[in-house]
Every structure is written in structure tokens, then in C-alpha cells.
Amino acid sequence: MISLSGNDGKHREDSARRGGSVGVSSTSVTPATAADGHRAGRRPVRGWLAWAAGTVVVAVVLFAAYLLQSRTIPAGPDGASIDLLSWDMLHGNPLLRGWWVADVTFYTTELPQYMLLESARVLNADLAHLGGAMTYALLVLLAAFLARGRARGAAGVVRAVTGGAIMLAPQLGDGTQTLMQGPDHTGTAVPVLALFILIDWASPYGGQTAPHTPRGRRWWVPAVTALVLAWVLVGDALVIVIAAAPLAVVCLARACRGLVAREGLRAQWYDLSMAAAAIVSVPVGLAAIKLITALGGWQIGTLQTKLATTGILARNFRITGQGLLELFGADFIGAGSTRAVVFAVLHLAGVALVVWGVCAAVRGFLRGDRFIEAVLLLAIVFDVAAYAFGVQVADLLSTREIAPVLPLGAALAGRLVGERLAARRLASAALAAGVACYAAMLAYGAAQPAQAPVFEDLTAWLTAHHLSYGLSGYTQANIVTVEGQGNITLRPAGPAGPGGRFLGARKWEANRSWYDPAEHRANFVVASTVGAAVVTRPEAIATFGQPARTYHYHEYTIMVWNDNLLDRLRS
């Protein structure tokens, strides 16, 4: 056995705790000691296995529930566009040659995920629901694990449950559409949270080893951080706002504090390296996008980054505030029934926990053991500020621009509020009751009837009339193409020519080969007055002349010509 006595023993215990060597006077191992060591070694393994098994069970249950709730909202054109992009990549076009994509490509985020789903089943409208449910289930689990952090035992469980519970039951209606329909920035939070978990686990902050000691020199953490951020940036520039910029600012602030305290430059190597990694990731990611374009890959749309004028700030703030409530399931303003109001009011508890967590993060912004908390705080602030003061605010559906605030806020609340709840018996009981309520709301949402595909009737009508390749607005085009499963194809058209009075190819989530008259023959146009991006009858007639036949079906006007309309599209 190891004999330690007096101050010498205390010194050696401290040395061992810091990772140093311990001198021993004599060593002997008894059978009982060996057995105790063996059992102690097995406890961490059993703990990891328990967490892994529990995670798998929870993941399956959450995915099933979110899939059912996602189906309560019909898939839309943006989700269908991602289906077509990933389908093309899966079938031999990895660089997406010929594609005009939106202002965000999701090339390195959701597209690989959708390719995986499409490799296992045919192209159809349900893929958007599968992808959305998978993404949101992953976000809940990642937020829970980030909330848990390095805490173990009951404290770790309470932190994880707090973080996951805040996200557990998305609001029906617009909330479900924002969080589970298409890739609109929600999925970008998946690799970001995974990176934060890696940084938290590997970071020297919060452990016994200082960043500048030999064991603390985790050189690979900044390297991995730069690679991951650059990779995600290729798919979504929002990563600059919710990850790269917060990491750089927090690390530089900590390094400056250390230098002011005269700790020496060597002691700041980790913070400076992480800041450099975050900064360097931006030009690397942008260079990768330019390289893909130079190699003949996709052409990206223009991202609107202007500041809003003072005249619309009040509207922006109002929509931002309501949008934040919607993200956390607490939008009682737009609730359409008494039950919806009750559900929203119950979700205000989650909002209160996040506000509590934000306030705690502000108070301890530069604390040595709150590195990730500071990054989460700035990520939330930067994302909300960029949205509220920008020009992206249109309506509640544009809340997708700040969708990452939900998992970021949930993780922050779990880390800073969860342990305080665990320390109070009454608070723990209230948390358990809240989780039960949220679980009941999730079960209710999953039990709601599924909605039919949004343009199922139009697809069936076109099939019955043997119209297989035509033009329409973006609102109908890609989703009908996906729903048609190869039998019906609509290509998006939009205003073109002098004054925008004619029709041309809509260079947004479309491929230029679709409009090649040598490859395809389009002989009809679907005009409509319902939707955000539609084709009108006057535009069609101005471009192609009077149709040979005209049909009216519900809100649609279907015009048919006897020649190939692709020859007469305007540029």
C-alpha cells in the first residue's frame, strides 16, 4: 500500500491530482485491493453503456414522434428543392454542375444527409419529413449532451434533461414548419453543436490542467475547429454568425485578459490558437466555394446582408420577438385555439429557463470555467441581432434564420440552470412535472392527422390529362416534380425580359439543363394567383402567345400549346 503522512502526504496528493509523479515508500497489492480496482474500472464502462443505450432508445422514440408531427404540415417547395439537389448529387453530379442554388446551398450540411435517405428509398415528398424529423431529433440529443457537459451523476442527468426538455415539444403549425420542414438553417446547428461538444470535452478549461501545461496542449482542437467551421461554411454562411465569430471574440477576450494580468504570451497559446482557427476558417470556406464554382459547380444566389432602415426596425423587432416565442413553442400571440394557448403558456417555462441561463452567462462571461457558456451566449446574441437589424425579416416563417437560437439557448440553460435545479428538491420536482407536460404535448402533436401532399390534386389532374413536362411558378414546380415521382415534371419560371413582363428560367434552385429545348419538350404552363412565387396568365401569353387549349382547375389555369415552350423563354 502507499503510505503518506503529514504535509508530505498532502503535497503528494496535490501532485497526483495535477498529473505529476508521486513518490512511494512501499507498494503492495492485496486481492481485495485488486478487486476494488477492477470494479472501479468497470463502473465508467457501465456508465457509458447506460448512456449509449438510453440515447439510442430516446433517439428512436423522438424520431418517430417528430416524423409524425412533421407530417401534420405538407412538404413545401424548399424541401423539395433539397430533395432534387441531393438526388442529382447521388446520381452522378457531386459538384451540382449546372445548378443555380439559393443564397444558401446546404452542400456540406443537409445534402449529404438527404443523399443517405434517398439511397434507401425512392424520391418522394415524404423525404422532407424524414430529413426534418432526423435533424430535429439530432438537435435535441446534441443540445442535451452539450448541456450535460462534463457533469456526471445526478447533476449531469438534470443538466441534460433540462436542455433536452426545452426543445422536446415544438409548437404545431408554423413552429413545426420552421423547425422540421426543409433545411432552412435548423440543420446547420447540428455540426455546430457537435463541434461545441468536442471543444468542451477536449478543452483544458474546467479540468485540473491549465491550457499552457504539457497535458493542456491539445494542438489538434484548433485544427479540427478550423476544418469543421470551413466545411460547414461551404454549406451555410450562418456558421460565421453562430460559431466562428463567437469563438473568435471569446478567445481573444480571454487572451487579452491574460495578457493584461501579465500571465505571459505562452500562457495564452490555446485562446490565441482557437481565435486564429475561427478566423482562418472563413477565408478557407469562401475559397472552397469559389473553387467549386471554378470547377463548373453550382452558382450561388446573392445573400442579402444589408442593414434594415430605421423605418422597418419596429416591425423587425415585433416579428423577431414573436418568432423567438415560436421557436420555443411559446407563441401564444398566434395561437389559434384555447388548447394552443395553454400549450404556449406552458412553454413559457422553457423561455424563462433560457433567459435565466443568458443572465447567468452574462454575469460569468470571462470566468475560466465558462468557456463554452460564453460562446453560446455570443452565438445567440449575434444571431438575433443580425436578424433583427437585417433585411431578412419578412414574416414568422423567416424565423428560420434564427432557428439555431433554440438549441443554443437550450444547451446554455441546461449548463447554467440545470445544476441549480438539481440542488433544490422542489425545483427538481417542478422540472420532472414540466418534462411530463412537455412529453404529453409532444404525444399530442404526434397524434394529429397527417396532411396530404400540398399539390396532390394538381399532380393527379396533370397525370389524368397526360401533361408530363411544363412550366409553373417556384411555389408549385419542384414539389409537384417530387410528388410526381418521374411522371410529372414542372420547371420553375419567373419574370424576365423588358420590365419583367415575360417569362424566363427562374435561376433559383434550378438546373439550366431543365430548360434546354434539345433535351426536353415543355408544352404547358400552370398559372396561379395563390403562392409567393407563381406564374400569371398575362405573363404566359405575353411570352408564348395564345394557347391552343386552356383548362381551369381550382385556383389553377393550365394553358397548353402545340410546340416546345423552351424555345421561347426569355433571358
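Predicted model: local features only at pLDDT ≥ 70, side-chain atom pairs only at ≥ 80, totals over all residues.
**Entry 1. Overall counts**

I began with the chain as a whole. The secondary structure of the protein chain comes to 19 helices and eight strands. I then looked up burial: of the 571 residues in the protein chain, 49% are buried. For contacts between residues at least 6 apart in sequence, I noted that 74% join residues at least 24 apart.

**Entry 2. α9 against α11**

I took helix α9, residues 220–235, and helix α11, residues 269–294. Their axes come within 7 Å and cross at roughly 30°. That angle makes α9 roughly parallel to α11, since angles under 35 degrees count as such. I recorded the crossing of α9 and α11 as right-handed. By residue class, the contact of α9 with α11 holds 17 nonpolar, four polar and no charged residues.

**Entry 3. α10 against α11**

Next I looked at helix α10, residues 238–260, beside α11. The two axes come within 8 Å, and the crossing angle is roughly 150°. α10 and α11 are therefore roughly antiparallel to each other, the cut-off for that being over 145. The crossing of α10 and α11 is left-handed.

I listed the residues that make the contact. From α10 they are Ile-240, Ala-244, Leu-247, Ala-248, Cys-251, Leu-252, Arg-254 and Ala-255. From α11 they are Asp-271, Leu-272, Met-274, Ala-275, Ala-278, Ile-279, Ser-281 and Val-282. I sorted the contact of α10 with α11 into 13 nonpolar, one polar and two charged residues.

**Entry 4. α10 against α14**

I stayed with α10 and turned to helix α14, residues 371–388. The axes of α10 and α14 are 8 Å apart, and the helices pack at an angle of about 135°. That makes α10 oblique to α14. The crossing of α10 past α14 is right-handed.

On the α10 side, the contact is made by Leu-238, Val-241, Ile-242, Ala-245, Pro-246, Leu-247, Val-249, Val-250, Cys-251 and Arg-254. On the α14 side I found Phe-371, Ala-374, Val-375, Leu-378, Ala-379, Phe-382, Asp-383 and Ala-386. The residues of the contact of α10 with α14 divide into 16 nonpolar, no polar and two charged.

**Entry 5. Buried face of α4**

Which residues of helix α4 are buried? In α4, residues 110–118, I found Glu-110, Leu-111, Gln-113, Tyr-114, Leu-117 and Glu-118 buried. Seen down the axis of α4, these residues fall within an arc of 160°, so they line one face of the helix. An α-helix has 3.6 residues a turn, so residues three or four places apart point the same way. I then looked up what covers the buried residues of α4, and the cover includes α3 (77–90) and α5 (126–148).

**Entry 6. Buried residues of α19**

In helix α19, residues 537–544, I noted Glu-539, Ala-540, Ile-541, Thr-543 and Phe-544 as buried. What do the buried residues of α19 pack against? They pack against strands: β2, β3 (489–496), β4 (502–505), β6 (524–528) and β8. Just after α19, Gly-545 has a positive phi of about 85°.

**Entry 7. Positive phi at two histidines**

His-466 has a phi of about 60° and sits in the loop between α17 (456–464) and β2 (469–472). Is His-466 buried or exposed? It is exposed, with a relative accessible area of 72%. For His-554, phi is near 50°. His-554 belongs to the loop between β7 (549–553) and β8 (556–560). Its relative accessible area of 58% makes His-554 exposed, because the cut-off is over 50%.

**Entry 8. Leu-307**

Where is Leu-307 found? I located Leu-307 in the loop between α11 and α12 (313–327). With 70% relative accessibility, Leu-307 counts as exposed. I set aside its neighbours within four places in sequence, and Leu-307 is then in contact with Phe-389 and Val-391. The C-alpha atoms of Leu-307 and Phe-389 are separated by 5.8 Å, although these residues are 82 residues apart along the chain.

How values were computed
Residues numbered from 1 in each chain as written. Heavy atoms only, no water. Axes fitted to C-alpha atoms, helices over the stretch in contact; angles between N-to-C directions. Helix = DSSP H or I, 4+ residues; strand = E, 2+ residues; numbered from the N terminus. Parallel < 35°, antiparallel > 145°, perpendicular 65-115°, else oblique. Left-handed = near helix turned anticlockwise from the far one by under 90°. Nonpolar A, V, L, I, M, F, W, Y, C, P; charged D, E, K, R; others polar. Buried < 20%, exposed > 50% of the residue type's maximum accessible area, 1.4 Å probe, protein only. Arc of directions from axis to C-beta. Contact = heavy atoms within 4.5 Å.
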